[in-house]
Amino acid sequence: VSMAVYRLEEDGRRGIIRAEKIYFERDCVLYVAGRYTPNFFVAISPLPDNAVEIVITAKDKDTIPKDLLRQFLNDCIDQQIRLDLQKEFGELRQAIVTYAFSPVEKVRA
């Protein structure tokens, strides 16, 4: 089972990515899609087999580079890693920050 599959259609005017939900959470895909919306139309649709289809179309009706689809997927991987690390170490990070700034807060009080 692959993480994602992508292809260009309509003579390169539309890119389609199929991403498995087991690898990419909703928040991940929405965050990354939001980074692309200034320059592209992005549509996200659930598929019946636990995946999502992401369709990227250039706003200027021009072609999109195939590298754009690879970059989108890389951005999804980076964002998912951030989300996973936040879940795993978020409480520890918060405890460190709280401890680090606690003397400053006590002096001000």
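**Core.** I started with the largest nonpolar core, which holds 19 residues in this predicted model. Ile17, Phe40, Ile54, Ile56, Ile64 and Phe72 are the members that touch the most others there. Nothing odd for my notes, since nonpolar side chains in soluble globular proteins tend to be buried together.

**H1.** Which residues of H1 are buried? I get Cys28, Val29, Val32, Ala33 and Tyr36. They sit on the same side of H1, because they cover an arc of only 120 degrees around the axis.

**Confidence.** Mean pLDDT for the protein is 87, with 89% of residues at 70 or more. Among the elements, helix H1 (residues 26-36) has the highest mean, 96, and helix H2 (residues 66-108) has the lowest, 81.

**Salt bridges.** On to the charged side chains. I count 8 salt bridges. As a reminder to myself, side chains of opposite charge can pair when their charged atoms come close.

First pair on my list: glutamate 9 and arginine 14, with N to O at 2.7 Å. Glutamate 9 is partly exposed at 24% relative accessibility, and arginine 14 is also partly exposed, at 25%. Both belong to a salt-bridge network that links Arg7, Glu9, Glu10 and Arg14.

Next I took arginine 18 and aspartate 49, whose closest N and O atoms are 2.7 Å apart. This pair links distant parts of the chain, 31 residues apart: arginine 18 is in strand E2, while aspartate 49 is in the loop between strand E3 (40-47) and E4. Arginine 18 comes out partly exposed with a relative accessible area of 25%; aspartate 49 is partly exposed too, at 42%.

Last, I went to helix H2. How far apart in the helix are aspartate 67 and arginine 70? They are 3 residues apart, about one turn of the helix. Their side chains meet in a salt bridge at 2.3 Å, N to O. I noted aspartate 67 as partly exposed, with 48% relative accessible area, and arginine 70 as partly exposed at 37%.

Conventions:
Residues are numbered from 1 along each chain as its sequence is written. This is a predicted model: local features need pLDDT of at least 70, side-chain atom pairs count only at pLDDT 80 or more; totals for chains, interfaces and linings use all residues. Side-chain values use heavy atoms; hydrogens and water are left out. pLDDT is the predictor's confidence in each residue, from 0 to 100. Helices (H or I, at least four residues) and strands (E, at least two) are DSSP runs, numbered from the N terminus. A nonpolar core is a set of buried Ala, Val, Leu, Ile, Met, Phe, Trp, Tyr and Cys residues joined through side-chain atoms within 4.5 Å. Buried means under 20% relative accessible area, exposed over 50%, partly exposed in between (1.4 Å probe, protein chains only). The arc is that of the directions from the helix axis to the C-beta atoms. A salt bridge is a side-chain nitrogen of Lys or Arg within 4 Å of a carboxyl oxygen of Asp or Glu.
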